[in-house]
Amino acid sequence: MLSELYVTGIKLARPIEAGNYLQDLPVVRHLQTMDELPIAKPVTFFIGENGVGKSTLIEAIAVSMGFNPEGGTINFNFATRNSHSDLFRYLTVCKGVRHQKDGFFLRAESFYNVATNIDQMDAEPSFDPPVISYYGGVSLHKQSHGESFMKLVEKRFGGNGLYILDEPEAALSPSRLLQLICHMDDLVKRRSQFIISTHSPVLMAFPGAEVFELSESGIASVPYQETEHFRIIRQFLNAPDKMLKYLLEK
Ligand SMILES: Nc1ncnc2c1ncn2[C@@H]1O[C@H](COP(=O)(O)OP(=O)(O)O)[C@@H](O)[C@H]1O
Ligand SMILES: [Mg+2]
């Protein structure tokens with residue numbers, strides 16, 4: 001069956017030289033032992049402890065798919081600092097038969113730079129409509145992080161797209177997070193694909209999504225209910241006082 005997806009798998013094309021810190025990342029070591037990690041669902045989550053390599057991995061996928069490593073659409077080509085890893089040089093992204101018509105790479109720590117870049121582009125004389133008109137018309141700097149992020153999803157994500165998001169929940173209130181899930185569902189129905197790193201047990205419950213947990217032992221596909229994120233938050237919400245007492249007791 002031909003895949004409807006834009007990204008259908010990832011694999012390491014060549015070995016990483018000794019001494020490169022990427023060698024120490026369990027996710028990279030695991031990719032070295034397998035032929036290909038198949039990406040088979042329209043929504044794929046990468047989860048795991050801080051520092052396990054989620055951002056490194058999704059950034060390498062984004063760069064391999066033609067995105068600016070600092071985030072934005074394929075058309076953004078600003079660079080403020082060469083802060084991305086060179087994993088993309090070793091990674092092969094297996095592509096589906098269709099090419100995406102839309103796309104966005106949201107890098108958690110550089111959304112600010114995307115907002116600045118839009119303002120700068122619009123400050124230059126042009127016969128085209130201002131770039132910000134595609135993002136709801138109000139400078140992303142003049143809105144809260146959560147507001148501007150939701151504007152981005154509502155106004156700029158157009159369907160038939162590949163959206164790669166690094167911890168999108170960071171900006172969002174719980175109700176906005178549920179709103180994001182509704183937008184994602186709509187976009188998936190309009191032939192979109194999402195690759196997301198997250199710590200949110202709510203987001204990772206997206207119906208039909210695949211959750212890859214990165215850990216010291218590599219990469220494993222897990223049901224979201226079995227992830228540590230989900231279990232810890234459920235345990236906490238079931239009995240916050242009890243858990244805090246246990247945690248804080250000397
Ligand atoms: N230039 C670098 N040199 C050495 N180690 C690095 C470099 N960049 C990132 N790392 C390490 O790579 C690991 C993975 O980082 P990252 O992908 O950002 O983790 P995550 O997104 O899962 O929290 C971290 O432990 C980080 O310290
Ligand atoms: Mg990260």
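This is a predicted model: local features need pLDDT of at least 70, side-chain atom pairs count only at pLDDT 80 or more; totals for chains, interfaces and linings use all residues.
## Sheet, helix pair, hairpin and pocket

Residues are numbered from 1 along each chain as written, chains are lettered from A and ligands numbered from 1 in written order, and side-chain values use heavy atoms, without hydrogens and water.

**The sheet and its helices**
- Strands E1 (residues 7–12) and E4 run antiparallel, joined by five bridges; strands count as paired if DSSP finds at least two bridges between them.
- Ile10 sits opposite Val93 in E4.
- Helices (H or I, at least four residues) and strands (E, at least two) are DSSP runs, numbered from the N terminus.

**The H4/H5 pair**
- H4 (residues 145–156) and H5 (residues 174–189) pack at about 10°, with axes 11 Å apart; axes are lines fitted to C-alpha atoms, for helices over the stretch in contact, and angles run from 0 to 180 degrees between N-to-C directions.
- That makes H4 and H5 roughly parallel to each other, a label for angles under 35 degrees.
- From H4, Gly146, Glu147, Phe149, Met150, Val153 and Glu154 meet Arg176, Gln179, Leu180 and His183 of H5, where contact means heavy atoms within 4.5 Å.
- This contact has four nonpolar, three polar and three charged residues (Ala, Val, Leu, Ile, Met, Phe, Trp, Tyr, Cys and Pro are nonpolar; Asp, Glu, Lys and Arg charged; the others, including Gly, polar).

**The E8/E9 hairpin**
- E8 (residues 210–215) and E9 (residues 218–221) run antiparallel with four bridges, forming a hairpin with two residues between them.
- Leu214 faces its opposite number, Ile219, in E9.

**The largest pocket**
- The largest pocket holds about 290 Å³ of space.
- Its lining has 14 residues, with Gly48, Glu49, Glu228, His229 and Ile232 nearest the centre.
- A pocket is an open set of points on a 1 Å grid over the protein atoms alone, where a 1.4 Å probe fits, with protein on both sides within 12 Å along at least five of seven lines; lining residues have an atom within 4 Å of a point.
- H6 (228–238) and E8 each give at least two lining residues, and H6 has the largest share, five.

Definitions and conventions
Angles under 35 degrees count as roughly parallel, over 145 as roughly antiparallel, 65 to 115 as roughly perpendicular and the rest as oblique. Grid points are joined across faces, edges and corners, and a volume is the space filled by probe spheres set on the points.
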